[in-house]
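Subject: Structure handover

Hello,

Here is the structure for your files. Notes on what was found follow below it.

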Amino acid sequence: MRLLPVLALLVACAHTPPPQQAADGPSPLLPLKTDDVTAGTLPNGFRYIIESNAKPEDRVVFRLAIDAGSILEEDRQQGLAHFLEHMAFNGTENFPGNTLIQKLESEGVSFGAHLNAHTSFDETVYKLKLPDDPEMLDLGLRIFRDWAGGIVLDPEEVDKERGVVLGEWRTRQATPDGRVQQELWDHDYDHSRYGVRLPIGDPEVLESFTVQDLQDFLDDWYRPDLMTLVVVGQVDHAAVQARITELFGDLQTPEAAPERARYELGPYPDEPPFVVADPELRSTYAYVSRILPEQPQRTEADYVDDAMRGLARSVVNARLAEVARDPEAPFRSAGIVERDGMGGSRTQSVWVTWYDGREAEAMERVAAELARVWEHGVEQVEVDAVLSQDRESNERWKEEWAFRKSTSVANEWVRHVMTGESVPGEEVEYRLKTEAQDALTVAWVQDHLSGWTWVREGHLTGRVKGPEDQTAVTGDTLQSAWSKGLATDLGPWETTTVDGDPWGQWPAHGAVTASRHYDDLDATLYELSNGMKVVVKPTDLAEAEVQVRGYRPSEASFEDLMAWGHLWAATGVVDRSGMGTMDVEQLRLWKAGRRLGGAIRPGTTAHGFYMTTRTDDLEDSLRTLITQAQQPRFTGDAVSKTKAEYKQNLSNTMDSPSGRFQRALQAKMWSGTAWEPWEPEHVDALELDEMEQAWQTHLKTMDGTTWVIVGSVDMDAMPELLASTLATIPTAGPDAPPLRVGPMPHLSDDPVVVHGSDDDQATYQGSWYHTTARDWASRSVPAELLSSIASRHLRERLREDMGGTYGVRFWVSAGSRHTDRMSLSMSFVCKPDELQDLREAGKQVLADLAAGHITQADLDIAKEQATVARKESMKSNGYWMSTLAGELNHTGSLDGWVDPQVRQDVVTLEQVKSLAAEVLTREHGQEGWLVP
């Protein structure tokens, strides 16, 4: 179906030439897709784009893109573009006060998932997803009409929102990462307006601005000539177009409206390397960058060139990743990225992360590896591996066109409107990506990489752990190491070769001994000759996607920390060692272009085997997963690398205030169990022999494993597939290991108090546990509904009434037969001097709910939100995997399965009140707070 053409006027940014403009050279211009698209501009300058899209069914996605952000703020308005975004949810002309939120929540809309917004330097975007029935579609358009021209700035609401926005500022800026990022930003971009207009704003301005300051920004920049409405879904284009004209046509741009100025980021200042130190950083890294002028994709040749340059970077990044896996490598990770930046710029960067104390070695080695690429080039096998992976990705993308989500379609149009990003359509993009793959050769990669002379003169910045006046890491040391590495010749690269499959001789087939079909689930249970059970549910929810999960109850509850530690560490060693006949690098090349294998992860109550693959790769993926379990490799080098990674991660956590806080809570609650926090000496005590033995005991012996397969599968071929893969796994023990209850927490009425940095913020976390009978099936849905109700009440009290926090998190979780308890948790971030008031207010909300202050309206909203979320989730294979695996893991059978919607529909208000009275009155738990 071909509708009205998209107009070139859709490109809103005046500084970005639209892709349709003429370009020099013979390459055709990139088209702008028009199939199933209606677009236009009203006489007042208001633009709209409507596109038909089928996924998710029965949903329409809206976006209102406003070509205005923090870059346009005056000094007295720093942070008000973002503040205004908040106020759009606090009352409009036709939805006063909280009625907008109440109306949307009553229709099942949830904050975050369906309702959201963001503000950046150059744009503000409002987002909404609704059912696509006519009434809701019209409601959505009326809401966006109010956001476009009917926001009400009630002084009382403005003052309450100050605390919320300042709370958001604390979560982003009043942290070690925030402090360092601010200092780097001030240095790197102080020559540009972007350096002094961070969207989060200035806390002093946020505390003192007037309502008139906010109104001035609204009047200047919320105007039709800077707005575009995007509507994507299965909608009547003509009807939507007519309603947009009716609702938005009366918006006016003031005669005295200021010009929408444009700003450039410009190059980095010509200054020495700059490094910022902070003792509380979680991660340490440096990067060498340059800012490029704007490079819009105007022609097909531009698109192909971009794709080829991306493939060349992938070749280098794959090599750097291989070097990083060397146990002697001083860097943890490194890579080359190219991304769009502010002001229409593009940034190229080489980034490096390292192990503590090895920063100079890391910089030197990465630079030397880049020099090796320039001097000796890359190998055909490296290019072939990247091409194989990219071709597989491109083919998968083509297969999934019909499953493309309306959210991604809408976001693509927003990027087009805001930045001029090309939207040529899937068929054109597929063709051009294929052209790029066909054109990529070793010679082209070499020629392209030889032009990276900017790496020698790039701008070096870094962020390191340690007090600024004590750290040995300086810009000079990093620059010196970088220059030394660039002058080093490491010699030609040694190519890895691959031959055959990793599993070698495959065992004889087993057999399917019985099967049973569950009509309500459209799922089949197979029993195999080795005693294993497999549940298979065919779906058409994603093209050629198959998800596999196996779980096996643990033989022990792992009360001993080192027993658990050796098993967990074993998975890291195997991941770095390989399996069967191949080491890890051979496996990488062997897997290129296919989705093979998965992950094996132990648990304190159940061990898991996971993978997501393609229909054509399912058999080899199962064989790969089985080979990893049955024929793992353990090398001393991999042990060294695993321990180094663990120790670095532990160091990063212990150096962070939030990390220390979580460790303190963990230590108080789980002392003497497998969940007790690790110390460096625990890592030092890890031994290869113990890891191998732990793997042999818990993961190689796969007896009793139950498997679930969901996705695009051929059910006629399934018995033979299972007989040749899962049924071949040898059995060596009892039919199923005994079920164990996981460790129970040690709870105390004494709070855990951790003093962090000098940041002006505090973190609260409370956890409560309630021992319960093993009745997960009857408690899980009421617990989910109670979580939703309590979260809403807490948000209204702590955020909207008190303005004390950006957000409060709360959940209730019903335990299964493996974790015989119910868990509750509440957490928030706030100003230190408001922590106790907010804590008491939050506990009072929970106490009120426990006392029966839950209405039928509360339950109806929670049910509607859960229903909407469930309907969306049911369109994914992941939902059915979680549903089937959860039922089997919690009840041991599918015989008693009841549709979650039916289970929810029968939940009564009295049941939820009873559960609240039972679990929300628990005084015994564990509270803690992180304060300056």
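A salt bridge here is a side-chain nitrogen of Lys or Arg within 4 Å of a carboxyl oxygen of Asp or Glu. This is a predicted model, so local features need pLDDT of at least 70 and side-chain atom pairs count only at pLDDT 80 or more, while totals for chains, interfaces and linings use all residues. Residues are numbered from 1 along each chain as its sequence is written, and side-chain values use heavy atoms, with hydrogens and water left out.

Salt bridges

Side chains of opposite charge can pair when their charged atoms come close. The search of the whole structure gives 68 salt bridges. One of them joins arginine 179 and glutamate 280, whose closest N and O atoms are 3.2 Å apart. Arginine 179 sits in helix α5 and glutamate 280 in the loop between β7 and β8 (285-292), so this pair ties together parts that are 101 residues apart in sequence. Helices (H or I, at least four residues) and strands (E, at least two) are DSSP runs, numbered from the N terminus.

Burial is given in three classes: buried means under 20% relative accessible area, exposed means over 50%, and partly exposed is in between (1.4 Å probe, protein chains only). Arginine 179 is partly exposed at 27%, whereas glutamate 280 is buried at 12%.

A salt bridge also forms between arginine 325 and glutamate 585, with the closest N and O atoms 2.5 Å apart. This pair links distant parts of the chain, 260 residues apart: arginine 325 is in the loop between α9 (300-324) and β9 (331-340), and glutamate 585 is in helix α18 (residues 584-591). Arginine 325 counts as partly exposed because its relative accessibility is 31%. Glutamate 585, at 9%, counts as buried.

Glutamate 421 and arginine 415 meet in a salt bridge of 3.0 Å, N to O. Glutamate 421 is partly exposed, with a relative accessible area of 25%, and arginine 415 is partly exposed at 37%.

Salt bridges also link residues into a network, made of Asp305, Asp306, Arg309, Arg313, Glu338, Asp340 and Arg346.

Aromatic pairs

A pair of aromatic rings is described by the distance of the centres and the angle of the planes. Rings of Phe, Tyr and Trp (its six-membered ring) pair if their centres lie within 6.5 Å; planes under 30 degrees apart count as stacked, over 60 as edge-to-face and the rest as tilted. The whole structure holds 25 aromatic pairs.

Phenylalanine 62 and phenylalanine 144 make a stacked pair, 5.4 Å centre to centre with 25° between the planes. Phenylalanine 62 is buried, at 0% relative accessible area, and phenylalanine 144 is buried at 0%.

Phenylalanine 609 and tryptophan 707 form a tilted pair, 5.6 Å centre to centre with 35° between the planes. Phenylalanine 609 lies in strand β19 (residues 606-614) and tryptophan 707 in strand β20 (residues 706-711), so the pair ties together parts that are 98 residues apart in sequence. Both phenylalanine 609 and tryptophan 707 are buried.

Ring pairs also build a cluster, which links Phe62, Phe89, Tyr126, Phe144, Trp147 and Tyr222.

Surface patches

Patches are made of residues with over 30% relative accessible area and no salt bridge; like charges are joined within 9 Å, and nonpolar side chains (Val, Leu, Ile, Met, Phe, Trp, Tyr) within 5 Å. Accessible areas come from the Shrake-Rupley method with a 1.4 Å probe, and for residues only the protein chains shown count as cover.

Val898, Val902 and Val906 make a nonpolar surface patch of about 230 Å². Valine 906 is in the loop between α29 (900-905) and α30 (909-919), and is exposed at 55% relative accessibility.

A charge is placed at NZ of Lys, CZ of Arg, CG of Asp or CD of Glu. A patch of negative charge on the surface gathers Glu183, Asp186, Asp190, Asp270, Glu271 and Glu468. Glutamate 183 is in helix α5 (residues 176-188) and is partly exposed at 33%.

Regards

Key:
Lys and Arg count as positive and Asp and Glu as negative; His and the chain ends are not counted.
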